[in-house]
Amino acid sequence: MNLAIFLDRDGTINEEMGYINHIDRFMLMPGAAAAIRSINESGLKAVVVTNQSGAARGYFPEELIDQVHRKMSRLLEEEGAFLDGIYTCTHAPPSKGKSGGCGCRQPKIGLMKQAGQELNLDLQESYVVGDRLKDVEMARNAGAKAVLVLTGYGRGELGFLGPARKVEPDFVAEDVAEAVDWILAHASSETARAKVPKKPQRSRRAQRKANVELAEIDRLSNKIIGLAIETHRQLGPGLLESAYQQSLAYEFSKNNIPFELEKKIPVIYKSVNIDCAYRADMVVDNKILLELKSVDRLLPIHEAQVLTYLKLSGLKLGLLINFNVTLLKRGIRRIIL
Ligand SMILES: [Mg+2]
């Protein structure tokens, strides 16, 4: 089955202008085409889902919706990006105080289900990116993960409506580019986990305990990746490792995540502790080992270093993060012992 990133349209990939009642009012957000191209290159499906009730309300003819979508596809194509599907709800919402209406107007999941069937998608492993809490609600209704972007209505919805609606996205991103970065780093770590060879069968109780531990470590590693993306967003590529290390440490402190810097890794040989000056850049909550780099590209020797540290320290998960890349997702390796 395929995974998808469902993208809301207005306020997420094009500028929020109210109703797009003329083709000239459709303008792509800066960075949106590049973000969609990254999705295309990752092998995930890029799918737009959008509520467009303006025609049903009599504000413009229905053909305009298709015209706008042709313009959107053309603008994306000019930057080497494409959409695997565009799914639109054209219905008006039910009148005030009345329930019912169509099954596809977000936060209902009719459009996601239709895309799921047509593109053979695993909805629960897929992601929704949008600027409204209804986009997050739709993700929750489908069992998918949600990223709220702060463009369009995002900043206001998060600040003023979020606390009352009790809807929590998995990640809040400045814009669609950052949302896609986070998802691709997250999805690749999930894929890496899926590729780990299966261990011999354990008792059900031991398995349950192991699952809980794995889920905790997963949650923690996702938080770390989110904070690393934040650090990269602030600093960009091209600095010394130590600058990233200190800034990431600041993010951990701000988020109350315990960590140790330059943690000594012992080498026990014939029961003797040999001080060989191995030090992990960071160990987070005594669970995850971090090796930070600022190099042109990660090499097998860097992965071997993390593997050695994991074996010697008894930790199970290592994150190798190269900050000297344009898109941080290309610099993240998740290494599981
Ligand atoms: Mg929107």
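Ala-56 is partly exposed, because 14 other C-beta atoms lie within 10 Å, and a residue needs 20 or more to count as buried and 12 or fewer to count as exposed. Bear in mind that this is a predicted model. You'll find Ala-56 in the loop that runs between strand E2 (45-51) and helix H2 (63-78).

What does Ala-56 touch, once residues up to four places away in sequence are set aside? Its partners are Thr-90, His-91 and Ala-92. Take Ala-92: it sits 36 residues from Ala-56 along the chain, yet the two C-alpha atoms are separated by 5.6 Å.

E2 pairs with strand E1 (residues 4-7) in the parallel sense, over four bridges. Within this pairing, Leu-7 stands opposite Val-48 in E2.

The largest nonpolar core has 82 residues, and Ile-5, Val-147 and Val-176 have the most contacts inside it. Which helix gives the most to this core? That's H6 (residues 176-195), with nine residues. The core also draws on both domains, taking at least three residues from each of domain 1 (4-190) and domain 2 (213-336).

Ile-5 has quite a list of contacts: leaving out neighbours within four places in sequence, they are Ile-39, Leu-44, Ala-46, Tyr-127, Val-129, Val-180 and Ile-183.

## Phe-171

Is Phe-171 buried or exposed? It's buried, because it has 21 other C-beta atoms within 10 Å and the cut-off for burial is 20 or more. Phe-171 has its place in strand E6 (residues 171-173).

Not counting residues up to four places away in sequence, Phe-171 touches Val-147, Trp-182 and Gly-226. Val-147 is also one of the residues with the most contacts inside the largest nonpolar core. As for Asn-222, 51 residues from Phe-171 along the chain, the two C-alpha atoms are separated by 9.7 Å.

Helix H4 (residues 133-142) is mostly covered, with seven of its 10 residues buried. Those are Leu-133, Lys-134, Asp-135, Val-136, Met-138, Ala-139 and Ala-142. Just after H4, Gly-143 takes a positive phi of about 75°.

Now for H8 (residues 241-254): at 1.5 Å a residue its 14 residues should span 20 Å, and its end C-alpha atoms are 20 Å apart, which agrees. Tyr-244, Leu-248 and Phe-252 are buried in H8. Seen down the axis, the buried residues of H8 fall within an arc of 75°, so they line one face of the helix. An α-helix has 3.6 residues a turn, so residues three or four places apart point the same way. On the other side of H8, Ser-242, Gln-246, Ser-253 and Lys-254 are exposed. Just after H8, Asn-256 takes a positive phi of about 55°.

## The chain as a whole

Zooming out, the chain has nine helices and 13 strands. Of its 337 residues, 38% count as buried. Among contacts with a separation of 6 or more, 65% are between residues 24 or more positions apart.

Definitions and conventions. Residues numbered from 1 in each chain as written. Predicted model: local features only at pLDDT ≥ 70, side-chain atom pairs only at ≥ 80, totals over all residues. Helix = DSSP H or I, 4+ residues; strand = E, 2+ residues; numbered from the N terminus. Expected span 1.5 Å × (residues − 1). Arc of directions from axis to C-beta. Core = buried A, V, L, I, M, F, W, Y, C linked by C-beta atoms within 7 Å. Domains from an automatic or database assignment. Contact = placed C-beta atoms within 7 Å. Pairing = 2+ DSSP bridges.
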